[in-house]
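Here are my notes for your review. Please read them with the coordinates open.

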Amino acid sequence: MIAAVDIAKQIRDDVYGYIEGVRSGSVVTGRLVKLAVDRHCQDLQNAHERGWCFDADIATRACAFFPMCLRHSIGEFAGEPFELSPWQSFIIWTLFGWVHGQTKLRRFRTSLIEVARKNGKTTFAAGIALRAQYRDEPFEPGAQIYATATKEDQAKLLFREAERMVEQCPWLIGSTKIRKVPAAIEYTAHNSYFRPLGSDGSGTDGLNPHLIIEDELHAWREHHRDFKEKLGSAFGARRQPLELMITTAGDSSSQLWIEEHEYAVKVLESVVTGNVIDDTYFAYLACLDDEDDWQDEAVWAKANPNLGVSVKLDYLQNEANKAHHKPSYTNQFIRYHCNRRTEASERS
């Protein structure tokens, strides 16, 4: 087993290397990811003036939770420790490491993460949920964690991934009760639980969430707005709640996603404008830039930060070839694999 000190060193090396690579251009990223990295670096210089500070020890422990406690459950990495990719380490490092200077409570209360398909969103989000349930700092007794989606069956995909992770970890499963009806992961020692919740479920009355994950926001439509607003309004009794939205790009009918995406872009562009829009909103938006050619392999990593890990180059090559020869498939490739918005009328 790798010593904790070695894991901590690897995490810091990965994060610092990623930040340096993004800023120098040696790591291929789009404009919006560069802004996310620049925002973190800029805040290290001046966010203390607004009451925030960065705690590298908390950030390191948050990242270390993944390889030390979690294992993959399906696919080629099944049974192996959850080693974060550098871009995932940067997200966890930033999301959990920034705290209020006096209270030490988490700075970021809302987060939007956008990456193309096959980049491990579900597994990553499941790990974040378990970190918040079992090892958040400061620890939250009686934490309520929810995986939410437009349908409960969709929410259960993320929940089941977390369930399998818990079952593979002796330390976690030893203090956990897994219920099938209603589905729940209960951390019995501290009276906390993790449940799936769909807009087609039994409702949102009485929720007191510590963390809510809104899965595949691009699929949420106008008739889901009330559901989303009720989720967001339930956080009031928690010290450091977190709303985490994770998705691929939507189309012109994805109004809730469009509103959230446009707001997130404004938050990131504050790095350039100098006008702080929202200090408690974190965004990581991995997508091709407007001027990029979707057929150029050199830019695919902008939307696929896990290229070479969970996303295989030959898979994208085959999909791109299909899109090139089948015009009706082009917009699917642009949306799902380049993570760019398309028009609803043009989908196949």
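This is a predicted model: local features need pLDDT of at least 70, side-chain atom pairs count only at pLDDT 80 or more; totals for chains, interfaces and linings use all residues.

1. Disulfides. How many disulfides does a search of the whole structure find? The search finds 0. A disulfide needs the two sulfur atoms within 2.5 Å. Cys 287 has its closest cysteine sulfur in Cys 338, at 9.9 Å, again too far for a bond.

2. Setting of those cysteines. Is Cys 169 buried or exposed? Cys 169 is buried, at a relative accessible area of 6%. Cys 287 also counts as buried, with 5% relative accessibility. The cut-off for buried is under 20%.

3. H2 against H9. Helix H2 spans residues 31-46 and helix H9 spans residues 255-273. Their axes come within 8 Å and cross at roughly 55°. H2 and H9 are therefore oblique to each other, since an angle counts as roughly parallel under 35 degrees and as roughly perpendicular from 65 to 115. The crossing of H2 and H9 is left-handed.

4. Residues in the H2 and H9 contact. From H2 come Arg 31, Leu 32, Leu 35, Ala 36, Asp 38, Arg 39 and Gln 42. They meet His 261, Val 265, Val 267, Leu 268, Glu 269, Val 271 and Val 272 of H9. By class, this contact of H2 with H9 has 8 nonpolar, 2 polar and 4 charged residues.

5. Leu 44. This residue also lies in helix H2. Leu 44 is partly exposed, with a relative accessible area of 43%. Which residues does Leu 44 contact, leaving aside its neighbours within four places in sequence? They are Phe 54 and Trp 98. Phe 54 is 10 residues from Leu 44 along the chain, and their C-alpha atoms are separated by 7.2 Å.

6. H3 against H5. Helix H3 covers residues 56-69. H3 and H5 pack at an angle of about 120°, with their axes 10 Å apart. H3 and H5 are therefore oblique to each other, because roughly perpendicular runs from 65 to 115 and roughly antiparallel starts over 145. H3 passes H5 in a right-handed crossing.

7. Residues in the H3 and H5 contact. H3 supplies Ile 58, Arg 61, Ala 62, Phe 65 and Phe 66. H5 supplies Phe 124, Gly 127, Ile 128, Leu 130 and Arg 131. The contact of H3 with H5 holds 7 nonpolar, 1 polar and 2 charged residues.

8. Helix H11. How many of the 10 residues of H11 are buried? The count is 7, and H11 (residues 327-336) is mostly covered. The buried residues are Tyr 329, Thr 330, Asn 331, Phe 333, Ile 334, Arg 335 and Tyr 336. Their cover includes helix H10, residues 313-325.

9. Cis peptide bonds. A cis bond joins Glu 137 and Pro 138, with omega about -10°. Pro 138 sits in the loop between helix H5 (121-134) and strand S4 (144-149). The bond from Val 181 to Pro 182 is also cis, with omega near -15°. Pro 182 belongs to the loop between strand S5 (176-180) and strand S6 (183-187). Both bonds are worth checking in the viewer.

10. Positive phi at Asn 191. Phi of Asn 191 is near 60°, a positive value in a residue other than glycine. Where is Asn 191 placed? Asn 191 is in the loop between S6 and strand S7 (192-198). Asn 191 counts as exposed, at 62% relative accessibility.

11. Positive phi at Glu 216. Glu 216 is not a glycine, yet its phi is positive, at about 50°. Its place is the loop between strand S8 (211-215) and helix H8 (225-232). Is Glu 216 buried or exposed? Glu 216 counts as buried, with 17% relative accessibility.

Key
Residues are numbered from 1 along each chain as its sequence is written. Side-chain values use heavy atoms; hydrogens and water are left out. Buried means under 20% relative accessible area, exposed over 50%, partly exposed in between (1.4 Å probe, protein chains only). Axes are lines fitted to C-alpha atoms, for helices over the stretch in contact, and angles run from 0 to 180 degrees between N-to-C directions. Helices (H or I, at least four residues) and strands (E, at least two) are DSSP runs, numbered from the N terminus. A crossing is left-handed if the near helix is turned anticlockwise from the far one by less than a right angle, and right-handed if clockwise. Contact means heavy atoms within 4.5 Å. Ala, Val, Leu, Ile, Met, Phe, Trp, Tyr, Cys and Pro count as nonpolar, Asp, Glu, Lys and Arg as charged, and the others, Gly among them, as polar.
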